[in-house]
Amino acid sequence: MKQMLKNTLKHGLIIFIELIIGQVLFAQTTDLGQIVGKVLDTQNEAVSYANVLLNSAADSSLIKVETTDENGFFLLAGIPEGNYWLKVSFVGNQDYNSPAFSLKKGEKMNIPTITLESGAVDLATVEVKSQRALIEVQPDKTVFNIENSINATGNTALELLRKSPGVVVDNNDNIMLMGKNGVRIYIDGKQSPLGAADLAMLLKSMQSSEIEAIEIITNPSSRYDAEGNAGIINIRLKKDKSLGLNANVNLGYTAGIYSKYNTTTTFNNRTKKANVFGTYSFNDGENRSWMNLFRTQNDIFYRQQSRTLTNGAYHSVRLGSDFFISKKSTIGVLVSTVLNDNNWTNYSFTPIIDLNTNQQISALDAFSQNDGARNNLNTNLNYQRRGEKGQTLNIDLDFGLFRNTTDTYQPNFYLNPNGQGITEERIFTAQAPTDINIYTAKLDYELPFLGGKLGAGAKFSLVSTDNAYEFFQETNGESIRDIDRSNQFIYDENINAAYVNFSKQVKKFNLSFGLRAEQTNSEGNLTSDKATDNNSVKRNYLDLFPSGGISYQLNRKNQFRINYSRRISRPNYQSLNPFEFKLDELSYSRGNPFLRPQYTNNIQLSHTFNYTLTTSLAYSHTNDFFTELSDTTEVSRTFLETVNLGNRKVLSFNVSYPVSLTKWWSTYSNIGLNNTSNKADFGEGRQIDIQQTSFNLYHQSTFKLPKDFSIQVSGWYSSPSIWGALYKTRSMWSIDAGIQKKIMDGRANIKVSVSDIFYTAFWRADQEFGGLAIDGSGGWESRQFRVNFSYLLGNSQVKATRKRKTGLEDEKSRVN
């Protein structure tokens with residue numbers, strides 16, 4: 001790898017604006033009290049998700065039930081004056097029964113720490129009634145618990161993101177959050193290096209049976225990489241949570257136009273000295289999608305209709321172990337790999353019509369056969385130590401490699417006006433291997449300081465990408481290398497980062513502030529047989545990224561919070577690659593080696609009522625906003641290229657509300673309202689000034705029925721909006737329904753569901769720019785029948801596998 005040039009420094013100055021927001025609220029009664037406490041095990045570790053039952057001292061009738069959070073805390077709110085006793089239970093431990101106590105009117109009672117004693121449990125007799133809520137609205141993030149959703153069964157990760165609060169997936173599988181693109185996708189706290197196309201392929205392959213929850217973080221703190229102007233979506237994969245040995249098996253079948261199969265197996269073996277865990281996932285099947293692209297260019301109308309078939313087996317393996325070398329120190333090793341045969345074929349037919357005569361002058365009959373593989377390997381070595389006074393040291397060393405190959409065969413046949421005889425044929429082949437190596441080292445340290453918590457850390461990353469593109473034209477059965485299109489693009493990037501943050505509780509205020517510095521050195525070199533200008537692009541820059549937030553607990557039911565952060569989005573590695581990737585003879589996409597990073601300032605005000613109803617108002621401003629833009633070349637050809645626009649402004653309003661209407665009916669609703677404005681100037685007649693107000697809805701209702709049956713109905717709607725630079729999209733909507741039954745004493749589940757019942761999840765969009773008018777539409781086999789069976793072997797949940805993030809976070813999301 002080529003040695004990076006000396007760093008040059010650029011000083012940045014950010015003015016942090018303080019906002020004071022006042023509200024007048026109706027006074028609330030304080031007749032009801034609350035009970036708070038914490039549950040630990042015999043090792044003084046927090047017991048997460050233990051059942052906490054409040055019973056009447058008079059007749060032991062159940063008054064209220066809650067579960068502890070991940071830190072072992074519980075809160076029983078809205079309790080009237082009276083005499084009570086507590087019961088705390090958790091599988092693998094002896095039940096705890098408290099003495100009777102009295103709660104006064106409006107009293108806030110702190111229960112002394114509860115310690116659960118370990119004990120043998122006959123698992124056949126255990127029946128756990130409580131479960132985590134479908135949606136958890138937390139101060140710094142929103143959590144979508146996939147395990148508790150029936151309609152999530154058989155879905156892919158990309159489909160689940162579409163159902164997530166505040167998330168929109170557009171017609172090209174681009175992911176937006178709160179009306180903004182530039183979202184960074186993390187998997188188990190580690191950012192995916194994949195760019196748009198490969199990331200979409202990975203998420204389409206990943207099954208819901210692999211996923212525990214989706215975490216949505218709109219304003220990450222300075223501890224996170226500054227990459228991603230719209231925030232972070234973390235997909236948390238399942239880990240078995242047992243003491244001893246257990247395994248879980250999931251089998252799934254999906255029927256759309258074509259059949260699909262998937263299976264996931266996890267295992268976990270925990271002892272006092274070590275925890276070994278692993279997951280294997282497989283899915284296979286054929287998928288169909290279609291697209292119509294009607295475009296007008298130079299008084300010629302191209303009526304392109306295409307369909308795409310994709311297939312290829314997907315294998316995912318994750319193996320890891322945590323070694324408890326002492327009560328305070330843990331060493332972890334994690335290895336994961338994905339092997340994916342990515343094969344797809346596109347068939348297209350394009351009548352070509354002269355608008356001056358309204359007569360067809362030709363037609364293009366083409367198909368593109370692509371045989372590829374997308375394989376990656378990621379390794380992580382982690383050390384964690386917890387001190388006696390609350391200090392935490394975390395060190396990560398990571399290495400990731402990505403090997404993508406694509407071999408393309410693309411014949412193009414031009415037909416005479418009646419669409420019968422061939423007037424011209426052009427046959428192309430191409431080979432496009434991509435090798436990416438990523439090295440990272442990360443250190444994080446936290447300690448108590450001035451009554452709060454002080455955190456600091458540093459990160460080093462080094463990325464090397466090698467992209468080769470060999471393009472051939474078939475002439476009389478002979479392959480002739482095209483020196484104008486064949487080339488090699490090598491891109492190296494080094495980022496050095498450091499951060500500091502501080503958080504503290506001051507009476508009813510919770511304060512958190514941080515600053516992150518990132519120094520970037522990058523160099524891209526293009527090598528080709530044909531001499532070109534600007535074949536080397538070098539950049540060196542230093543940026544500062546402040547972040548902060550203030551939350552205020554007005555009373556027991558009302559909390560306010562304001563957050564600010566500055567973010568950066570660097571181009572995906574292959575978006576810088578000037579290769580041409582053809583859909584057919586007339587349509588292709590290409591990279592742009594001169595793309596600049598985009599910078600976004602985000603500010604968000606939110607209010608949470610009664611720990612459930614959350615309302616937020618957010619504003620973001622992005623400079624050098626980059627996105628894909630359709631443009632023209634060579635009279636009849638059109639291409640898609642990522643370019644920097646002038647700026648983008650997004651004002652968004654969001655409301656989310658998980659609520660149980662009755663004991664048997666629980667719901668979650670989310671509505672998002674966004675106003676988006678894009679502006680750019682590419683010269684005379686090529687200006688962009690577009691604004692659109694859009695909204696999206698999501699609702700889910702779950703009904704608990706007798707005999708362990710439950711039914712779920714969910715749906716989403718997206719109004720007309722803006723995609724990319726200036727595509728105006730039409731509305732889309734979909735409704736799903738499913739049923740679940742627990743069997744075999746609760747150890748097994750059968751889930752049956754139907755997605756997009758009314759077959760309405762199609763997209764349509766249009767744009768006009770620089771003499772090019774496009775009206776596009778498309779869809780896929782979105783209506784599917786799904787069946788899933790899961791079975792638990794061994795011990796039920798007792799203690800969770802240690803959760804940790806790795807250092808390979810920011811870099812993984814930028815592999816394309």
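Predicted model: local features only at pLDDT ≥ 70, side-chain atom pairs only at ≥ 80, totals over all residues.

Me: Is serine 734 buried or exposed?

Reply: Buried means under 20% relative accessible area, exposed means over 50%, and partly exposed is in between (1.4 Å probe, protein chains only). Serine 734 has 4% relative accessibility, so it counts as buried.

Me: Which residues does serine 734 touch?

Reply: A contact means heavy atoms within 4.5 Å. Leaving out residues up to four places away in sequence, serine 734 touches Ser714, Gly715, Trp716, Asp756, Thr760 and Ala761. With aspartate 756 there is also a side-chain to side-chain polar contact at 3.3 Å. That term means a pair of N or O atoms within 3.5 Å; within protein, one must be able to donate a hydrogen and the other to accept it, and residues adjacent in sequence count only if both atoms are side-chain atoms.

Me: What is the mean pLDDT of the protein?

Reply: pLDDT is the predictor's confidence in each residue, from 0 to 100. The mean is 79, and 78% of the residues reach 70 or more. Among the elements, strand β28 (residues 434-449) has the highest mean, 92, while strand β10 (residues 135-137) has the lowest, 56. Over residues 1-30 the pLDDT is below 50, though the model gives this stretch 46 contacts beyond near neighbours in sequence.

Me: How many aromatic pairs are there?

Reply: A pair of aromatic rings is described by the distance of the centres and the angle of the planes. Rings of Phe, Tyr and Trp (its six-membered ring) pair if their centres lie within 6.5 Å; planes under 30 degrees apart are stacked, over 60 edge-to-face, and the rest tilted. A search of the whole structure finds 18 such pairs. Take tryptophan 723 and tyrosine 727: their ring centres are 4.8 Å apart and their planes at 50 degrees, so this pair is tilted. Tryptophan 723 is buried at 6%, and tyrosine 727 is buried at 8%. For tyrosine 759 and phenylalanine 762, the centres are 4.8 Å apart and the planes at 80 degrees, so that pair is edge-to-face. Together with Trp290, Tyr759 and Phe762 form one aromatic cluster.

Me: And how many salt bridges does the structure hold?

Reply: A salt bridge is a side-chain nitrogen of Lys or Arg within 4 Å of a carboxyl oxygen of Asp or Glu. The structure holds 13 of them. One of these joins glutamate 518 to arginine 516, with the closest N and O atoms 2.8 Å apart. Glutamate 518 is buried at 3%, and arginine 516 is buried at 3%. Another joins arginine 764 to aspartate 775, at 2.7 Å between the closest N and O atoms. This pair links distant parts of the chain, 11 residues apart: arginine 764 is in strand β49 (residues 763-769) and aspartate 775 in strand β50 (residues 772-780).

Technical notes. Residues numbered from 1 in each chain as written. Heavy atoms only, no water. Helix = DSSP H or I, 4+ residues; strand = E, 2+ residues; numbered from the N terminus.
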